[in-house]
Amino acid sequence: PIDITPVVDLNSQTCLRIDGMDRPPPKIPTASVNYHRNLFHTNSYLETVWRTDTLRQLDVVQPDGPSFEVTGNEVEWQGWTFRVGFNYREGLVLHNLKYRNRKVVHRASLVEMAVPYGDPHPPFQRKCAFDVGDYGLGYCANSLELGCDCLGHIHYFDATLSDAAGEPVEKKKVICMHEEDAGLLWKHVEYRNSHNESRRARELIISSIATVVNYEYLFYWRLKQDGTIDFEIKLSGELSTNLLSAEEEKTGKSTHGTIVAPGVNAQIHQHMFCARLDMAVDGDINTVSEVDVVAAGDHNNPYGNAFGPVETALVTESGASRTHDATKARAWKISNAEGKTNPASDKPVAYKLIPFSKGGSHPTLLTSPESAVSKKGAFANYHLFVTPHSDTERFPAGEYTPQGNGSNGLPDWMAANRSIESKDVVLWHSFGVTHMPRVEDFPVMPCESTGFMLKPDGFFAGNPAIDLPPDNNKASKLAHSPSEKSCCDTTK
């Protein structure tokens, strides 16, 4: 893009000024670096012909059809029931998630994201998009293509949104739902007699993809047969590139990014997401605690080998602004506060939020506290916030992010420092990717992943997938050898 910024008065519909016009005319890159199938052959230095060692066909076939049942927007699968929702701002929303008719989550969605760029050269000091509030993930959602975006036996959900004039607009195939094999779910071989018991995992995946200008965000909710809920975001698309500043152009080096092609700079930036998790673990009244695994003190650790969990209840909003600590295997437990306990442990039934279950661990917002980004993006200053439920508290950066300052958002709600112990609680989980661009991210970026997991922790009396019957996939074949009997053959 051209590194200038028009400043426009929308009321008078006039352009007040254009920032960035005072620099000398820059040298425009001319090399061809393309991924488009019709322009690929024009590349100046990257490949220009398709690879010849193409992969052989791999089909996902379910001859008996999928295992899920869909009634309107309600879904049943392997003990899970839930409703699928979609709106212009959050895009995909999951409602009323239950496992074997026991509540787990009342409502789950992605409610905001901030993408600050770390380049102080004008005009980039103001470069930060709040993609959920500014653009709307629903408005930016793709119509997904069978056999390309979604592979296997697919069920699509359409959505009806409104345009700028308030007229209904139907968007086709904005949500994809399908099953995937996910490797082994559990396995054990009895070493004394070599008896094998193993069960393969099947997952139900509910997904949506949004193109927000240059970036693609691929959202995947995965429901598992052991009661786990997994949320993954994959980032792809094009880097937001720029020319070097006049100062950088003198040295030919980027001070706040990576030169990914001749004369093309990609600035360091962050993608800070915020998920709103309205929890209901076996009931609406829950308590949240922080669990760290630490070494035992010397007086309880005579041999130096003792370590274990330390659980701390989060009782008020101010005490529940927390940061992930990978050195302590930190997780946050959401426990039932209505007296429902596990028959084995005698502790309250619970789920735990495990941060950064996909990709690496990343820091919170790196911009200065005084910056405009940090004021509006305060939801990304910690990895976790907890508030009591309120129907009016929906978006952590405020109801209206364009031109907004973050008021009527998470900091304002938490100012009263309300009690969150034994309440109907909402978890605001912030996570993301600090992206130092690589040359390999250009001209189109291989997927980068981040995400979290909600995992049962004393919610069940034992492994909830123990009742999966033995199975042996008869369609599996040896690649270069004659067929032989499988170790998991159910005819044994």
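This is a predicted model: local features need pLDDT of at least 70, side-chain atom pairs count only at pLDDT 80 or more; totals for chains, interfaces and linings use all residues.
Residues are numbered from 1 along each chain as its sequence is written, and side-chain values use heavy atoms, with hydrogens and water left out.

I looked up strands E10 (residues 168–190) and E11 (residues 195–212), and found them antiparallel and joined by twelve bridges, with Glu 190 standing opposite His 195 in E11. Both belong to an open sheet of ten strands, ordered E9-E10-E11-E12-E13-E24-E21-E20-E18-E19 with antiparallel pairing, and its edge strands are E9 (155–162) and E19 (307–314), each pairing on one side only.

I then turned to salt bridges (a side-chain nitrogen of Lys or Arg within 4 Å of a carboxyl oxygen of Asp or Glu), of which the count comes to 27. Glu 203 forms one with Lys 224, the closest N and O atoms being 2.4 Å apart; Glu 203 sits in strand E11 and Lys 224 in strand E12 (residues 215–224), 21 residues apart.

I checked burial next (buried means under 20% relative accessible area, exposed over 50%, partly exposed in between, with a 1.4 Å probe and protein chains only). Glu 203 counts as buried at 9%, and Lys 224 is buried at 16%.

Conventions:
Two strands pair if DSSP finds at least two bridges between them. Helices (H or I, at least four residues) and strands (E, at least two) are DSSP runs, numbered from the N terminus.
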